[in-house]
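Here is a friendly briefing to read alongside the model. Please keep the 3D view open as you go through the points.

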Amino acid sequence: MAEAAHLAATIRAAHPEARSLLDVACGTAEHARLLVEMHGFEADALDLHPAFVDIARKKLPLGAVYEADMATFALEARYDVILCLFSSIGYLRSLENVRSALGRFRAHLKPNGVVLVEPWFPPGVLVEGRVSTRTVKTPELSICRMSFPQIACRLSHLHFHYLIGRAGLVEHTHEVHTLGLFTTDEMLQCFQDAGLKAEYDPVGPYGRGLFVARAT
């Protein structure tokens, strides 16, 4: 809830009259739900993964949730705010795809609308092989997530290993996420190429920075 409140304040600071928003790469749309229910926004959302779209539709019964690629989507609606958070832009992997996505964002803005994009880490920040651990424990369930990055040129491959423990049973699963590594200057140029003028906050809502952009 605190994250959603901070995000709402960031949106209001960028566009005080904003009401409609599109949450791109929304995942399960939990933040969009909170922005609607607690902060008075009207939200649509889109994601590439059908399972997330199904969950998001349940959380946003008054909004439209689309199964679509952020680099190619085309909707009839236009929005005061377009969000792309939690470093989802990194999943596009190449600057060409980033330009395409930002062009789509630009095309779906209302007059005076704003785009908020939280980037992934730039090159040289992630430490290859460094292991991070997070744990969650309830009376019925224990989960341990261990992860480490592998760097290959301008791509980061994030290896996640999960131990999931229940009474008398421990399961293991593994997944790899691949995100592109782009410099701040490269991102700013992509915004410019897409017809957007961006400002960069190096901290942002979650410590990875934030681009706030408007149509030129």
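**The four-stranded sheet**

Four strands make up an open sheet with antiparallel pairing, in the order S6-S7-S8-S9. Strands here are DSSP E runs of at least two residues and helices are H or I runs of at least four, numbered from the N terminus; two strands count as paired if DSSP finds at least two bridges between them. This is a predicted model, in which local features need pLDDT of at least 70 and side-chain atom pairs count only at pLDDT 80 or more, while totals for chains, interfaces and linings use all residues. Residues are numbered from 1 along each chain as its sequence is written, and side-chain values use heavy atoms, with hydrogens and water left out.

- At the edges of this sheet are strand S6 (132-137) and S9, each of which pairs on one side only.
- From one strand to the next, the twist averages 15°, with axes being lines fitted to C-alpha atoms (for helices, over the stretch in contact) and angles running from 0 to 180 degrees between N-to-C directions.
- Strand S8 (residues 155-166) and strand S9 (residues 169-180) are antiparallel partners joined over 12 bridges.
- Along this pair, His 161 is found opposite His 174 in S9, and Gly 165 has Val 170 of S9 as its bridge partner.
- The S8 and S9 hairpin has two residues between the strands, and Gly 168 takes a positive phi near 75° there.

**The seven-stranded sheet**

- A second open sheet to look at has seven strands and mixed pairing, in the order S3-S2-S1-S4-S5-S11-S10.
- Strand S3 (65-67) and strand S10 (196-201) are the edge strands and have a single partner each, so one side of each has no neighbour in the sheet.
- The twist in this sheet averages 20° from one strand to the next.
- S10 runs antiparallel to strand S11 (residues 210-215), with six bridges between them; Glu 199 has Val 212 in S11 as its bridge partner.
- Helix H2 (residues 30-39) packs on the sheet and touches strand S1 (20-24), strand S2 (42-47) and strand S4 (79-84), its direction making about 175° with that of S2; contact means heavy atoms within 4.5 Å.
- Helix H4 (residues 95-107) lies across S1, S4, strand S5 (109-117), S10 and S11, at about 145° to S5.

- The domain assignment gives domain 1 (1-120 + 182-215) and domain 2 (132-180), with bounds that come from an automatic or database assignment.
- Their C-alpha centres are 26 Å apart, and eight residues of domain 1 are in contact with eight of domain 2.
- About 770 Å² is buried between the domains, 53% of it from carbon and sulfur atoms; buried area is the accessible area (1.4 Å probe) that two parts lose on being put together, summed over both.
- On the domain 1 side, Tyr 91, Arg 93 and Trp 120 lose the most area to domain 2, together 70% of what that side buries.

**Salt bridges**

- The structure holds seven salt bridges, each a side-chain nitrogen of Lys or Arg within 4 Å of a carboxyl oxygen of Asp or Glu.
- Arg 19 pairs with Glu 42, their closest N and O atoms being 3.0 Å apart; Arg 19 sits in the loop between helix H1 (2-14) and S1, and Glu 42 in strand S2, 23 residues apart.
- Between domain 1 and domain 2 the count is one salt bridge.
- Arg 154 and Glu 186 also form a salt bridge, with 2.5 Å between the closest N and O atoms.
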